[in-house]
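Here is a short briefing to read alongside the sequence and the coordinates.

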Amino acid sequence: MTNATAAATGASATERFQADKTHTSDTPPERVGQLAREVLEAVHDTIRKNQVSYAEYDALKAWLIRVGADGEWPLFLDVFVEHVVEEVANAGRSGSKGTIEGPFYVPGAPLSEVEATLPMRPDEKGTPMTFHGVVRAVDGTTLDGAEVDIWHCDDDGFYARFAPGIPEWNLRGRVTTGDKGQFLIRTIQPAPYQIPTDGATGALIRAANWHAWRPAHLHLKVTAPGHLPITTQLYFPGDPHNNDDIASAVKPELMLDPRSSGDGVDVEYDFVLDPA
Ligand code: DHB
Ligand code: FE
């Protein structure tokens, strides 16, 4: 069994972010000033309202330093902040619901046409799952040649590339849709996921007496030419953490309806993409 440390997971997530994201700095100075001022004012108000002591201020400083040292900024921000950025970014859409990307997406997973079996170990644990559906435009037209990019953790809650000892593309893949917009992916059902608890984020969670769980989920990016890409997650009914996800990323529209099928489960979910 793999044993991921927060520092190793955080360092990989930080490296991944720095490799993949373009950090543009075209925000005008007035807007930078306004956002920084309002965040700082919210901090100042919290200190006054709660009569924060020097000891508490120093504990905060030490903790912030540790988040950076553990490389945990991507994990911390995606768990506690990203959901509101996503809410604002996608408020005007009428197609399928999105939710947070999280820190563990890796572009360039193996690509198949119409049907894919995700790369997995010969002895991959977990309930076999077939996930299929159709990608459409908001007017109902099916989208041929759309791309469904999926990634999820294994039956122990670990993601390939961010926990040691897992083959690099394990449980990650892309499939293009067929002439009726259809796709089918064979994989295993992911387990509930506990964010790493031995680093700075875990220390905060323990100090506040919160829990570290995300409900079991599939991550997806669905793209098609001429349409807005969607980044989302899908969830399984009955998971004990569907109602108190640490990352606040569950939406009712993102709940699957698994049917048992042979020795596994069959899930169907269709995506609707807004025009670009
Ligand atoms: C984190 C992990 C996830 O798998 C996810 O979907 C969101 C956030 C995290 O550890 O920060
Ligand atoms: Fe995840």
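What volume does the largest pocket have? The largest pocket has a volume of about 670 Å³. This is a predicted model, in which local features need pLDDT of at least 70, side-chain atom pairs count only at pLDDT 80 or more, and totals for chains, interfaces and linings use all residues. Residues are numbered from 1 along each chain as its sequence is written, chains are lettered from A and ligands numbered from 1 in the order in which they are written, and side-chain values use heavy atoms, with hydrogens and water left out.

**Pocket and cavity**

- A pocket here is an open set of points, on a 1 Å grid over the protein atoms alone, with protein on both sides within 12 Å along at least five of seven lines; a cavity is a set where a 1.4 Å probe fits but cannot get out, and lining residues have an atom within 4 Å of a point.
- Grid points are joined across faces, edges and corners, and a volume is the space filled by probe spheres set on the points.
- The largest pocket is lined by 28 residues, with Phe17, Lys21, Asp78, Glu82 and Glu101 nearest its centre.
- Elements giving two or more residues to that lining are α1 (6–20), α4 (73–80), α5 (82–89) and β10 (230–235); helices (H or I, at least four residues) and strands (E, at least two) are DSSP runs, numbered from the N terminus.
- There is 1 cavity of 30 Å³ or more, and the largest cavity holds about 140 Å³ of space.
- Of the 18 residues lining the largest cavity, Val79, Pro103, Phe104, Tyr193 and Arg214 are the closest to its centre.
- Both α4 and β9 (217–223) give two or more residues to the cavity lining, and α4 gives the most, with 3 residues.

- His217 is buried at 1% relative accessible area, and His219 is buried at 4% (buried is under 20%, exposed over 50%, partly exposed in between, with a 1.4 Å probe and protein chains only).

**Nonpolar surface patch**

- Val39, Val43, Ile47, Val52, Tyr54 and Tyr57 form a nonpolar patch with about 570 Å² of accessible area together.
- Patch residues have over 30% relative accessible area and no salt bridge; like charges are joined within 9 Å, and nonpolar side chains (Val, Leu, Ile, Met, Phe, Trp, Tyr) within 5 Å.
- Areas come from the Shrake-Rupley method with a 1.4 Å probe; for residues, only the protein chains shown count as cover.
- The largest share of the patch, 3 residues, comes from α2.
- Tyr54 is in helix α3 and counts as exposed at 67% relative accessibility.

**Salt bridges**

- The structure holds 14 salt bridges, each a side-chain nitrogen of Lys or Arg within 4 Å of a carboxyl oxygen of Asp or Glu.
- Arg66 and Asp70 meet at 3.3 Å, N to O; Arg66 is partly exposed at 34%, whereas Asp70 is buried at 15%.
- Glu147 pairs with Arg174, the closest N and O atoms being 3.5 Å apart.
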